[in-house]
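Have a look, then read on.

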Amino acid sequence: MEKLVSLAKRRGFVFQSSEIYGGLGSVWDYGPLGVELKRNLIERWWRSVVQEREDIEGMESAILMHPKVWEASGHVASFTDPLVDCRQCKKRFRADDERIKGKPGEESAQCPVCGSKGTLTDPRMFNLMFRTFMGPVEDAAAQVFLRPETAQGSYVNFLNVMQASRQKIPFGIAQVGKAFRNEITPGNFIFRTREFEQMEMQYFVKPGEDEEWFEYWHEERMRWHYDLGIDPDKLRYHPHGPDELAHYAKRAEDIQYHFPFGWQEYEGIHNRTDFDLSRHQEYSGKKLQYVDPATKEHFTPYVVETALGVGRLFLVVMADAYREEEVEGATRIVLGLHPSIAPVKVGIFPLVKKDGMPELARNIYKELQKLFAVFYDDGGSIGRRYRRQDEAGTPFGVTVDGQSMTDSTVTIRDRDTLKQERVSVDQLATYLTERLQP
Ligand SMILES: [Zn+2]
């Protein structure tokens, strides 16, 4: 894990927030390569969940919402209890949880989940939501929250989206956006952070068909992670037991990855029933119902949610891609990222800085730049330039050498196999495009 964090900083994937001031607890910034990788992950999700489907619409709701939203959703009430955290397994409990043996905060107190002793924090009155004030007056009437999830923005816009897009049930609303939770025990690099980004999809279904759709999304989401090239041996489902279920959920399941710090959730699939829509009907007084066009039957839809953390997915692909291997007696670090999400697709190198090689390499750079993210590097030995791109996860390296100047061919080096092929400059774009398909 330390190696991954160190690579992330060294190569400009992730920096600590406000580092020159000593950092801000569990808040992170994405650097030049990190922001590209993150955008590629979001783009891949959006493409498969929204653009390639007729039954799902995208939207983007604001981070600030009417404070009543959070009363209706249960977030105001359910997060103001005295809570204790286990420093070992990171589970959070109500301080009065009957399963806790002993008094939280004391050495003898025992965590009901992992069984560790002395790892429970003192009870603290805690609401997970960040608060701020809207308008010039800082009082309770002006208090608003930074959203702790994007889902509520989709629920309160259920009718707007359905009517504007003329969707019929079943259909979904997808969002990508920032959310904020004032976690008591954040940690593990970008795994648990107070500011984070979510890719959430709310799928509205007819009550009674919810179980079936849950199964569907369970399959569909895992397939998505396999397609991303993540090691299947490091992926598993974790169904929530009755004591783990959130207040709104009838059934929930995590997709977990075997991180260097153990199995942890990074995507959740939840059957949220009609809890959210019913509560918003109750609190707003507006009907949030669906009328079946065939039967004229009125009902409040059930929701099957898929919720994926962008930062967590980022950590999964980084951890899964990281490897060290011996090549010709030297250790090389490689990020074996799926080519479709690699921040840079092709490195372009003139073998030496003379004999017309930089000029030809520059021309190739300019042409390929129109198609994908490319990087030009003429500094240092060719071996060292290859190594730098290996660490950045760049799948291909194009080298302009002496022969290029006579026959207009270049070598293409494959990051993973280290094989080099000679390809004609005219064929370069086609060759690379084929190999960079999702
Ligand atoms: Zn524990």
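What is the site of the zinc ion like, tetrahedral or irregular? With angles of 105 to 112° among its four donor atoms, the site is tetrahedral (for four donors, that label needs all angles between 85 and 135 degrees).

## Before you dig in

This is a predicted model, where local features need pLDDT of at least 70, side-chain atom pairs count only at pLDDT 80 or more, and totals for chains, interfaces and linings use all residues. Residues are numbered from 1 along each chain as its sequence is written, and side-chain values use heavy atoms, with hydrogens and water left out.

## The zinc site

Four cysteines hold the donor atoms: Cys86 (SG), Cys89 (SG), Cys111 (SG) and Cys114 (SG), at 2.2 to 2.3 Å from the zinc ion. Donors here are N, O and S atoms within 2.8 Å of the metal (3.2 Å for Na, K and Ca); water isn't among the atoms, so sites may look incomplete. Along the chain, the donors follow the spacing C-x2-C-x21-C-x2-C.

Cys86 sits in the loop between strand E4 (82-85) and strand E5 (92-94), while Cys111 is 25 residues away in the loop between E5 and strand E6 (124-125). Helices (H or I, at least four residues) and strands (E, at least two) are DSSP runs, numbered from the N terminus. Cys86 is buried at 0% relative accessibility, and Cys111 is buried at 3%. Buried means under 20% relative accessible area, exposed over 50%, and partly exposed in between (1.4 Å probe, protein chains only).

The peptide bond from Ile169 to Pro170 is cis, with omega near 5°. Pro170 lies in the loop between helix H6 (158-165) and strand E9 (171-180).

Phe189 isn't a glycine, yet has a positive phi of about 60°; Phe189 is buried, at 10% relative accessibility.

Notes. Tetrahedral: all angles 85-135°; square planar, octahedral: opposite > 155°, others 65-115°.
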